[in-house]
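Thanks, everyone. I'll keep this brief. Have a look at the sequence and the model first.

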Amino acid sequence: MKKFPKKGEFVLAVVKRVMPYGAFCELTEYNNLEAFLHLSEVASRWIKNIHEFLHEGQHLVAKVIRVDETKQQIDISIKRVSEEEKRAKIEQVRRRARAKKLLELAIKKAKSRMKAEKLLEKMEHAYGEDVFGVFEEVLDDEHVLDSVKLPEKIKRELIALIKKSIKKATVQIVAELELICFEGNGVDIIKRALSDLDEKAKILYLGAPHYRIELTAEDYKEGNKKMERIMKEIEKRIKGHECEFSWNIVKTKK
């Protein structure tokens, strides 16, 4: 475990004592090291009563604004943390906890005496903070674990646990299209144009001439490329017919 956080780092803090001028907090990721949250760093607006914002036992995502290791003094701020940064930090902690749990289980199944936290820190040194992201890559390539020399039994158990516990991340791409054909057999032309486009694509009829296509992919870049290929195929199929065609992506989500 690292002894001190760095300036600018986002940390998890628990409020321990609330004073009129601020609060003393413990940093859970740093062996409950004490940090001070000054009243001026609680909120952007004037505060009449600090207890309206803070209470003992409250969990916070804070930003480190000053560190003095010689005096063991750390100052933190919560007003400088955006909602997006807060969510990102919580997700980072959640993914680290999942990675550690998988390591603990692998070590236990391998009947090893290694410590999960030490092994996790070793992997973070090799791969960066998002070790769980590396575990997700194992679903496609087991050799991504080769950068860290793991005991063979632990490695084998870890790969088995990853394949059992982690589902490959996917995103959903949704596009709406407008397709009109003016020929006598226009309905048949449209049916042929929209049939058997992609096994992962779902075609929904919204009421002529409006249609929706939904598909899943491993990431947005791949999903958008797939959707573009589908639309080009539709254009190819209606080429030479009296048809009007337009489309746009309306939604992307995990």
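Which residues does glutamine 58 touch, not counting residues up to four places away in sequence? The list is Ala13, Val14, Val15 and Phe53. Before I go on: this is a predicted model.

Where does glutamine 58 sit? Glutamine 58 is in a loop. That loop runs between β3, residues 33–38, and β4, residues 59–68.

Now, is glutamine 58 buried or exposed? The relative accessible area of glutamine 58 is 17%. The cut-off for buried is under 20%. Glutamine 58 therefore counts as buried.

Phe53 from the contact list comes back here. The side chain of glutamine 58 has a polar atom 3.4 Å from the backbone oxygen of phenylalanine 53. So for glutamine 58 we have a loop position, a buried residue and a polar atom facing us with a distance to phenylalanine 53 of 3.4 Å.

Next, the cysteines. How many disulfides does a search of the whole structure find? One. In general, a disulfide is a covalent bond between the sulfur atoms of two cysteines.

Here the partners are cysteine 181 and cysteine 243. The S to S distance is 2.1 Å. This pair links distant parts of the chain, 62 residues apart. Cysteine 181 belongs to strand β6, residues 171–181. Cysteine 243 belongs to strand β9, residues 243–253. The link is right-handed, with 105 degrees about the S-S bond.

What about burial? Cysteine 181 has 13% relative accessibility, so cysteine 181 counts as buried. Cysteine 25 is buried too, with a relative accessible area of 1%.

Now step back to the whole protein. The secondary structure comes to six helices and nine strands.

The dimensions come next. Along the principal axes, the C-alpha trace spans about 85 × 55 × 25 Å.

Some totals to finish. Of the 254 residues, 38% are buried. The protein exposes about 16200 Å². Carbon and sulfur atoms supply 48% of that area.

Notes
Residues numbered from 1 in each chain as written. Predicted model: local features only at pLDDT ≥ 70, side-chain atom pairs only at ≥ 80, totals over all residues. Heavy atoms only, no water. Helix = DSSP H or I, 4+ residues; strand = E, 2+ residues; numbered from the N terminus. Buried < 20%, exposed > 50% of the residue type's maximum accessible area, 1.4 Å probe, protein only. Polar contact = N/O pair within 3.5 Å; in protein donor to acceptor, adjacent residues only side chain to side chain. Contact = heavy atoms within 4.5 Å. Disulfide = S-S within 2.5 Å. Areas by Shrake-Rupley, 256 points an atom, 1.4 Å probe, with all protein chains shown as cover.
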